[in-house]
Amino acid sequence: MIRTPLRPLARILRAREHGENPDEIEAENRRLRHEAIQHKARRRAEGRLVLMAGFFLLAFGTVGVRMGVLASSNPSEPRSQVLSAQIISQRADITDRRGRVLATNLLTHSVYAHPQQMVDPIGAAQGLARIFPDLSEEKLIRDFTGNRKFMWIKRKISPEQMQAVHDIGEPGLLFGPREMRIYPNGDLASHILGGSGFGNEGVSSAEVLGVAGVEKAFDNWLRDPSNDGAPLALSIDLSAQAAMEEVLASGMALMSAKGAAGILMEVETGEILAMASLPDFDPNNRPRPLLKGDASDSPLFNRAVQGQYELGSTFKIFPVAQALDLKLINPNSGINSKSPMKIGKYLINDFNNYGPQLSATDVIVKSSNVGTVRIAQMLGVERQKDFLQKLGLFEPTSIEMVEAPTGRPLVPPRWPAVTAATVAFGHGLAASPLHLAAAYATIANRGKRVEPTLIHGRKRPEGEQVLSPRAAELAISMLRQVVTRGTAKQAEVEGYEIAGKTGTADKPRPSGGYYKNKVISTFASMFPASDPKYVLIVTLDEPSVGSGGGESRTAGATAVPVAAELVRRLAPMIGLEAKTDESLPSIAARFQPHVEPGPHDEIKLVANQ
Amino acid sequence: MRPLTYLGVTLLVLALAFWAYRENYRTQAAMSEMGQIQREIAGLREDLGVLRAEWAYLNRPERLRELVNLNFERLQLVPLESGQYLDIGNVDYPKPPAPPEAEDAGDTAPSQEQQP
């Protein structure tokens, strides 16, 4: 900056010429200079003030906004990490329809070893072999004295065993927490639940994965934290399931059968109340699957869902119901039942000879193969196939189990006249008992298609109408007469109006052809006939019962008494009232009873989370 | 006047600082207490899970059946039968001795309830 002089020579000289005081010029310049200096200083001070004001504004603004946020937000607990709660919350419980526990979790420990940190490897190996008799001492010593750095010893141990391992006092033996899946009811509903095993394993936790049944089908759902620990409620009724397994087991022993299956299904919703397959297993200690031989010999095999059986005469109602629906016959139409009947080079025989003619009702009541084939011939192959397909007998069932697709029915690839005839009386098409239950439920549901399910209280779209309500009612009344005067007289349980159809089918040989003395006997039923609420299927594998010196294998003598006992035991349990003629007097209350109102605060049932 | 203001402001700042300090420590104490309670809840939940599993195990149908068979002499329990259902209207309840409160009679009970 060029400094302006206070006394510029030019102006002084000029002022002196004019006789003015040159000091005035100096004073004037001095004043100007001071003014400039003052102006500059004020600008700087103002700038500082603005900056300070900005800072204050920002600081107070921040505090103000924070206070505003605190005042307007809802108070919440700051979440802190709780480790043990997380471990036990990995998998939701499974309960029955009334909330009774079928599968839950328990916190246990696993034991592992760091052999390099061991003080006395041989003593530790001896101690462990004493606590766990299934471990080999030599192998442990070899592992501990070798150069391994880490090894698992036991996946799950009890608290007593943990204390015993602790008492060895070996710093190289360590424990890790483990969530363990337990099935408190043991063998009960084992095929439905399946079982579980460990997935990815770490020292501090391990994934629990379903390996079969519902556990595997709902694996993702059960492990989904967004369900808030809600248990999975199955449609199973624990007490009904237990009673069914008990009755089936005693029936199986009585009929010296190899296996048995039973299904109790609600007609309206398709919910399965009880489904058992014997022999069964303990899901807490799931046996290994068979690697060779027939899969159905393993207790893991679920006869009710995976079994592919020719279900015999129980199929006869399908062509008859369809013919009733198409108005080709009525229950009193005469059907030619002259036995044997010839189709191509094959002969179709009846169990007994029923004379030249039977009414359509009697074809079902007496279970005439020839009569059924005649009715099926009226329908024709295409319509017969179409109806069986609509009943769901060509596809695997939609039940929520991983085993469902393995129960795909064995449908003949081509349908020549003889196949159409044998399928009409239940040979040549192999389906699972669950398929039969769904098909019978469809008839019982006034012809509306029913899909089986294992989940309780789920809204599902209404089924397609595959049969007219009128035809379904006629079919039910025919099935009712099978029990009152036909092949299933032993199924009459007073008050429950059972309607059903027996089926005795020869077992196919693996090499082709049929066994002479091995049968699958089935009884498919619905009750009460006047308004069917439940469908019950009982299947016995290779039953035989001594009757009057001889041996009987027919369903009427084997599966039917078991089914009757099941209805007797299960129907009162599931709250179905027996119909009686006796009417009790209704007594008016003598006083207005005072009923305590229920608690208002609702307790939400959650699994451990 | 001015020294008084300075003194007042200083005292105020001191008081506020003391209050903030106390609030801070109280919050921390509350949070650690809450963490402890949450751990306790987790522990109790775990125990609840064990108890629930134990309850289910002790009430498994197989065991109950065995107990019923063992104690048949005393209990005489048999499976539920169809004849054991009755409408509540069929039951002739005797009149209670004296109603405890007259004004409670407004609540009506559903009389069609099923009773096994």
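Which residues of chain A does UniProt list for "transmembrane region"?

## The annotated span

In an unreviewed entry, UniProt lists residues 49–71 of chain A under "transmembrane region". The model shown here is a predicted one. In this model, residues 49–71 of chain A are 100% helix and 0% strand.

## Two helices in chain A

Helix H13 of chain A covers residues 369–379, and helix H15 of chain A covers residues 417–424. The two pack with their axes 8 Å apart, at an angle of about 125 degrees. Angles from 65 to 115 degrees count as roughly perpendicular and those over 145 as roughly antiparallel, so H13(A) is classed as oblique to H15(A). The crossing of H13(A) past H15(A) is right-handed.

On the H13(A) side, the contact is made by Thr372(A), Val373(A) and Ala376(A). On the H15(A) side, Ala420(A), Ala421(A) and Ala424(A) take part. Sorted by class, the residues in this contact of H13(A) with H15(A) are five nonpolar, one polar and no charged.

## Where chain B touches chain A

The contact between the chains takes 40 residues from chain A and 37 residues from chain B. On the side of chain B that touches chain A, helix H1 (2–58) and helix H2 (61–70) of chain B each supply at least two residues. H1(B) gives the largest share of that side, with 16 residues.

What classes of residue make up the side of chain B that touches chain A? That side has 16 nonpolar, 10 polar and 11 charged residues.

Methods: Residues are numbered from 1 along each chain as its sequence is written. Chains are lettered from A and ligands numbered from 1 in the order in which they are written. This is a predicted model: local features need pLDDT of at least 70, side-chain atom pairs count only at pLDDT 80 or more; totals for chains, interfaces and linings use all residues. Axes are lines fitted to C-alpha atoms, for helices over the stretch in contact, and angles run from 0 to 180 degrees between N-to-C directions. Helices (H or I, at least four residues) and strands (E, at least two) are DSSP runs, numbered from the N terminus. Angles under 35 degrees count as roughly parallel, over 145 as roughly antiparallel, 65 to 115 as roughly perpendicular and the rest as oblique. A crossing is left-handed if the near helix is turned anticlockwise from the far one by less than a right angle, and right-handed if clockwise. Two residues are in contact if their C-beta atoms, placed from the backbone, lie within 7 Å. Ala, Val, Leu, Ile, Met, Phe, Trp, Tyr, Cys and Pro count as nonpolar, Asp, Glu, Lys and Arg as charged, and the others, Gly among them, as polar. UniProt positions are given in the numbering used here, feature names are shortened, and annotations may be inferred rather than shown by experiment.
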